[in-house]
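Open the model and keep the sequence beside it. The text below walks through the fold one part at a time.

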Amino acid sequence: MPERTRRGATPPSPLAALSVLRSGGVGGLLRRRTVDVASLSAEQRAAVAALASSPPGAAGPDRFTFEVTITLADGTTRVVHVAEDAVPPALADILR
Amino acid sequence: MSPADCRCGLCCITPPLMLESIIQRAKRPSLKRWAEDTLAVTRSLREARLSATAPDPEPEMALRRRPEGKQRAVYSARQGQLLPGALIRPEGAPPTGDPAVDEAFDGAGATYDFLKTVFGRAGIDGRDMRIVSTVHYGRGYDNAFWNGKQMVYGDGDGEVFLRFTRSLDVIGHELAHGVTEHTSGLVYWEQPGALNEHFADVIGSLVKQWRLGQKAEDADWLIGAELLGPELRQPPGHAVALRSLKAPGTAYDDPLLGRDPQPAHMKDLYKGHADSGGVHINSGIPNLVFHRVAVALGGHAWEKAGRIWWRAFTEPGRMSPRASFREAAKETIDCAGLLFGTREARLVAAAWDEVGVVPQGVRKPGTRPGARTAAAPKQAEPRTTAPKQAEPKKAEPKKAEPKKAEPKKAGAKKSTAKTAGAARPKTAAPKTAARKAAAKPPAKRKPAPKPPAAPPALAARRPSPTRRA
């Protein structure tokens with residue numbers, strides 16, 4: 001069966017910038033960092049893209065929580081909140 | 001993330017992604033606020049579900065009869081993240097020589113002994129549940145937490161933070177989260193979450209003071225002072241601890257950590273989304289209240305102030321899971337009066353007033369009688385005078401009295417049938433809104449402001465007085 005494509009479908013815009021705000025923990029410290037998107041592997045990029053549609057998880061007492069700001073090449077920005085328990089393994093080194 | 005990794009099996013009709021989009025894009029503040037509150041409720045439900053479904057660290061113990069008394073077990077995750085890990089030191093075993101294991105063991109014991117001796121509490125759940133701790137969690141993990149069933153401690157990175165078992169107040173803090181889970185159930189979001197954190201800081205600090213035999217005026221009132229690594233002790237930065245109950249906002253000002261964000265007054269209340277709505281940030285406000293009360297009452301902080309707070313935060317049916325600072329103020333003032341008397345209640349009321357918190361049931365300045373109170377985070381301007389809960393003859397009720405009702409008859413000290421309904425003589429002691437609030441039994445507590453469209457399941461999760469010890 002030939003491969004079918006949707007009319008008018010546009011490919012997703014690539015990742016342009018990624019920043020993380022970690023908060024919570026027993027210290028309640030706020031730590032911001034900018035991630036070099038050029039250094040991300042394909043698996044990590046896919047995990048970032050999937051963050052927006054993944055369950056955020058629950059912030060239990062003194063667990064870390066992450067506010068991830070995803071900026072695409074087309075200029076759109078999305079802010080996603082992720083609890084420590086919901087961090088994908090591929091992003092463990094980024095969201096820490 | 002695969003579905004097998006997802007541990008928050010809570011499905012809501014409005015997905016969090018949609019709520020977050022509304023928060024970002026809504027132009028109407030009321031709409032934005034609704035989405036924020038709804039997201040907070042769903043997060044709290046997930047938190048409760050996560051806690052309830054956190055893996056039992058010792059499932060085999062469920063088959064055995066639970067012994068009475070202190071029962072500790074310390075495991076090692078061996079730099080992994082599998083809990084509980086390998087059992088290293090059970091109850092009755094001698095020191096192992098591993099500082100993290102032995103500190104977790106001793107700290108859990110000190111906290112248990114404190115709760116039992118001072119408050120008559122049989123452990124975390126009031127029924128001597130086993131105190132399970134896991135150390136060496138992760139690699140360079142800069143944190144410690146309560147996962148709903150046990151404590152977990154990281155080793156720190158060795159430069160900014162040392163191992164998290166070094167600090168007895170942090171160990172007490174984590175165990176106190178377990179106590180809260182089994183008593184008030186304070187939701188881990190915004191003001192209820194800040195109260196959850198505050199209570200944990202209070203217990204952690206009291207455990208340390210009790211262990212050292214310190215009086216309130218001699219204690220350092222610091223949380224996590226022993227955790228700071230060599231990187232934080234270098235100039236030009238300043239860092240003495242994670243938090244200070246005595247002086248919120250002064251624990252650190254460091255290039256690595258930033259500046260301690262804790263406010264010391266409601267006018268500086270953090271209203272952002274980070275840190276679950278600022279639970280570790282805004283806890284500074286009630287922390288300062290407790291410190292001032294403890295020092296004002298004198299002696300050992302656990303003897304009076306600690307007992308007041310313990311009753312307010314753990315007595316069945318008293319503190320609601322979504323309590324605001326205003327509710328906490330009311331409950332602590334009530335408990336001070338019940339446990340000790342008018343002087344203690346006044347001290348507690350004054351301490352809350354100094355940080356700008358108007359107790360629940362007391363009309364905020366500038367509002368009309370019968371006006372609906374604002375949502376919890378929107379606090380009124382600080383009062384210039386204490387609410388004077390124990391002073392029914394004070395002038396506050398005059399604001400509610402119509403001026404025309406003042407009787408003009410000479411020598412009229414008693415109200416007559418004609419005037420009784422119209423006015424109250426000056427010599428009478430009218431009941432103030434504050435007295436009405438103080439006179440109400442604990443069961444008739446006013447619920448904290450609720451967000452719209454709260455799921456029905458939230459009401460069913462309110463703890464029953466008989467279930468929680």
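**Sheet, strands, helix and charged pairs**

In chain B, 5 strands make an open sheet with mixed pairing, in the order S2-S1-S3-S5-S4. Strands, like helices, are DSSP runs numbered from the N terminus: a strand is E with at least two residues, a helix H or I with at least four. Two strands count as paired if DSSP finds at least two bridges between them. Strand S2 (86-90) and strand S4 (144-146) of chain B are the edge strands; each has a single partner strand, so one side of each has no neighbour in the sheet. From one strand to the next, the twist averages 20°.

This is a predicted model: local features need pLDDT of at least 70, side-chain atom pairs count only at pLDDT 80 or more, and totals for chains, interfaces and linings use all residues. Residues are numbered from 1 along each chain as its sequence is written, chains are lettered from A and ligands numbered from 1 in the order in which they are written, and side-chain values use heavy atoms, with hydrogens and water left out.

Stay with the sheet of chain B. Strand S3 (residues 131-137) and strand S5 (residues 151-154) of chain B run parallel and are joined by 3 bridges. Ser133(B) has Met151(B) in S5(B) as its bridge partner. Helix H4 (residues 168-182) of chain B packs on the sheet and touches S3, S4 and S5 of chain B. The direction of H4(B) makes about 20° with that of S4(B). Contact here means heavy atoms within 4.5 Å. Axes are lines fitted to C-alpha atoms, for helices over the stretch in contact, and angles run from 0 to 180 degrees between N-to-C directions.

Now turn to chain A. Chain A holds 1 helix and 4 strands, and from the N terminus its elements run β-β-α-β-β. Of its 96 residues, 48% are buried (under 20% relative accessible area; exposed is over 50%, partly exposed in between; 1.4 Å probe, protein chains only). The accessible surface of chain A is about 5200 Å², and carbon and sulfur atoms account for 53% of that surface. Areas come from the Shrake-Rupley method with a 1.4 Å probe; for residues, only the protein chains shown count as cover. Among contacts in chain A with a separation of 6 or more, 59% are between residues 24 or more positions apart.

Strand S1 (residues 15-24) of chain A is mostly covered, with 7 of its 10 residues buried. What does S1(A) pair with in the antiparallel sense over 9 bridges? The partner is strand S3 (residues 64-72) of chain A. S1(A) also runs antiparallel to strand S2 (residues 31-35) of chain A, joined by 5 bridges. Arg22(A) shows both pairings. Its bridge partner in S3(A) is Phe66(A), and in S2(A) Arg22(A) stands opposite Arg31(A). The hairpin of S1(A) and S2(A) has 6 residues between the strands, and Gly25(A) there takes a positive phi near 75°.

Back in chain B, look at helix H10 (residues 342-354). At 1.5 Å a residue, its 13 residues should span 18 Å, and its end C-alpha atoms are 18 Å apart, so the two agree. The expected span is 1.5 Å times one less than the number of residues. Among the buried residues of H10(B) are Ala345(B), Val348(B), Ala349(B) and Trp352(B). An α-helix has 3.6 residues a turn, so residues three or four places apart point the same way. The buried residues of H10(B) pack against helix H7 (284-297), helix H8 (305-314) and helix H9 (325-339) of chain B. Gly356(B) follows H10(B) and has a positive phi, near 85°.

The whole structure has 20 salt bridges over all chains (a side-chain nitrogen of Lys or Arg within 4 Å of a carboxyl oxygen of Asp or Glu). In one of them, Glu84(A) meets Arg63(A), with the closest N and O atoms 3.1 Å apart. Glu84(A) lies in the segment after strand S4 (77-83) of chain A and Arg63(A) in the loop between helix H1 (42-51) and S3 of chain A, so the pair ties together parts 21 residues apart in sequence. Glu84(A) is buried at 14% relative accessible area, and Arg63(A) is buried at 8%.

In chain B, Glu331(B) forms a salt bridge with Arg318(B), the closest N and O atoms being 2.6 Å apart. Glu331(B) also meets Lys330(B) in a salt bridge (3.7 Å, N to O). Shared partners join Arg311(B), Glu315(B), Arg318(B), Lys330(B), Glu331(B) and Asp334(B) into one network of salt bridges.
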